[in-house]
Amino acid sequence: MLVEEKIKELGYELKEAPKPLASYIPATRTGNLVFTAGQIPMMDGKLVYEGKVGSNLTLDEGKKAAEICAVNCLNVIKSEIGNLDNIEKIIKVTVFVNSAEGFTDQPKVANGASDFLVNAFGETGKHVRSAVGTNELPVNVPVEVEMIVSVK
Amino acid sequence: MLVEEKIKELGYELKEAPKPLASYIPATRTGNLVFTAGQIPMMDGKLVYEGKVGSNLTLDEGKKAAEICAVNCLNVIKSEIGNLDNIEKIIKVTVFVNSAEGFTDQPKVANGASDFLVNAFGETGKHVRSAVGTNELPVNVPVEVEMIVSVK
Amino acid sequence: MLVEEKIKELGYELKEAPKPLASYIPATRTGNLVFTAGQIPMMDGKLVYEGKVGSNLTLDEGKKAAEICAVNCLNVIKSEIGNLDNIEKIIKVTVFVNSAEGFTDQPKVANGASDFLVNAFGETGKHVRSAVGTNELPVNVPVEVEMIVSVK
């Protein structure tokens, strides 16, 4: 549980992943790859941030939201594989940023997720990433993050 | 052909996938994974829905559009693997929703695809999913869906 | 180096991939799949195009931007696998198009990437593709492209 201890040091405790609300599931494995569903900035069943980055939310709030989404990705991966130390590599992170008109710092927002992953996992946490803007996201969240990891 | 019979019960008949119009192809396989191109709500060569969900299209129309996109994903997967009963698992579904300003029910739209897949495939159809908003989509479709499945 | 010669004929020289600016990396391999980070239309460290397709940029400029993004995907794949002739198949290309209101020709923009790949790789270059609109992209680029390829 080395990674989980590091995550605790970074200020988060992994929780039981929320029960799926629909026909989709939060994480699934095929071969040695685990894919997550798009995760939003919820903690303890509540949205932590709402709105668009660049208008009612600042860049720093957007980054924090991306970090929380990354934690939630790890939560659902843990539910699938049992122990995050079984992650071989974080492969791919996609960060959708609910962007106010003219906001073009999606990569800085996405760094909230990327930096957290590298802080938690070290080299194992280095991943490829796409950061893109969107005009709207589910329930008006500022960020949605999905992840692909490989397992040992 | 058990899945195809179920799909027929759900009101759809799988057709020969449309010929690729460009340098891209509708589905491709690598190892035991099949990836589809983004599919739009066309039936019999005609667009069934056009426009943005939340303005000129209702939520229910958006859901129906997502369902048709999912059917088209299955069409192109069938062209690739021959028989949908060879699907081991629906792995990942990404749903892009052409969203009017202020429309934040992308997950409900995406349920049109997700529910259909679970109705057709049962447990095999349960997948991870991302639903995101976009300000514009190709030829003004309300929904575009792409899929990854694993085959037996 | 057959593919690289073809790429040179098409007007591009592959360069050392830019050093990663953040916690993310430009390409990563898992099994025989290589994933790229989202690539933008930069050449020699400078943005070649900025703005939205359909307003300050024309369709042709958007296509050219998509082509440059595809070249950059190949650059980072080369850094990962050494020789582009080791590509077994271009699997998946995702093209995000920074779209002015009412611009719905994302597929034509994406053809800039797709046609280039097929010109460079022939059959090996045929891929599945999603083309979607976005309201904003990083540093105001018109196009962002990510790629998955399989290697021999």
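Trainee: What rotation superposes chain A on chain C?

Mentor: A rotation of 120°, with 0.0 Å of shift along its axis, and the RMSD is 0.0 Å (least squares on the C-alpha atoms of residues with pLDDT of at least 70 in both). The two copies are thus related as by a three-fold rotation axis. Chain B goes onto chain A with a rotation of 120° and 0.0 Å of shift too, at RMSD 0.0 Å. Note that this model is predicted: local features need pLDDT of at least 70, side-chain atom pairs need 80 or more, and totals for chains, interfaces and linings use all residues. Residues are numbered from 1 along each chain as its sequence is written, while chains are lettered from A and ligands numbered from 1 in the order written.

Trainee: How many residues make the contact of chain A with chain C?

Mentor: Chain A gives 25 residues and chain C gives 22 residues (in contact: C-beta atoms, placed from the backbone, within 7 Å). On the chain A side, the elements giving two or more residues are strand 5 (87–98), helix 3 (106–121) and strand 6 (128–134) (DSSP runs numbered from the N terminus: helices H or I, at least four residues; strands E, at least two). That side has nine nonpolar, 11 polar and five charged residues (nonpolar: Ala, Val, Leu, Ile, Met, Phe, Trp, Tyr, Cys, Pro; charged: Asp, Glu, Lys, Arg; polar: the others, Gly among them).

Trainee: What makes strand 1 and strand 6 of chain A edge strands?

Mentor: Start with the sheet. It is open, with five strands of chain A in the order 1-2-7-5-6 and mixed pairing (a pair needs at least two DSSP bridges). Strand 1 (27–30) and strand 6 of chain A each pair on one side only, which puts them at the edges. The twist from one strand to the next averages 15°.

Trainee: How do you know that strand 5 and strand 7 of chain A pair?

Mentor: Count the bridges. Nine join strand 5 to strand 7 (residues 143–151) of chain A, and the two run antiparallel. At least two are needed, so this is a pair. One example is Ile87(A), whose bridge partner in strand 7 of chain A is Val151(A). Helix 2 (residues 59–81) of chain A packs on the sheet and touches strand 1, strand 2 (33–36), strand 5 and strand 7 of chain A. Its direction makes about 40° with strand 7 of chain A. Helix 3 of chain A lies across strand 5, strand 6 and strand 7 of chain A.

Trainee: Why is helix 2 of chain C called oblique to helix 3 of chain C?

Mentor: Their axes come within 7 Å and cross at roughly 40° (lines fitted to C-alpha atoms, for helices over the stretch in contact; angles 0 to 180 degrees between N-to-C directions). That makes helix 2 of chain C oblique to helix 3 of chain C (under 35 degrees is roughly parallel, over 145 roughly antiparallel, 65 to 115 roughly perpendicular, the rest oblique). The contact of these two helices has 10 nonpolar, three polar and four charged residues.

Trainee: What angle do helix 2 and helix 3 of chain B make?

Mentor: About 40°, with axes 7 Å apart. They are therefore oblique to each other. Their contact divides into 10 nonpolar, three polar and four charged residues.

Note on methods. Contact = placed C-beta atoms within 7 Å.
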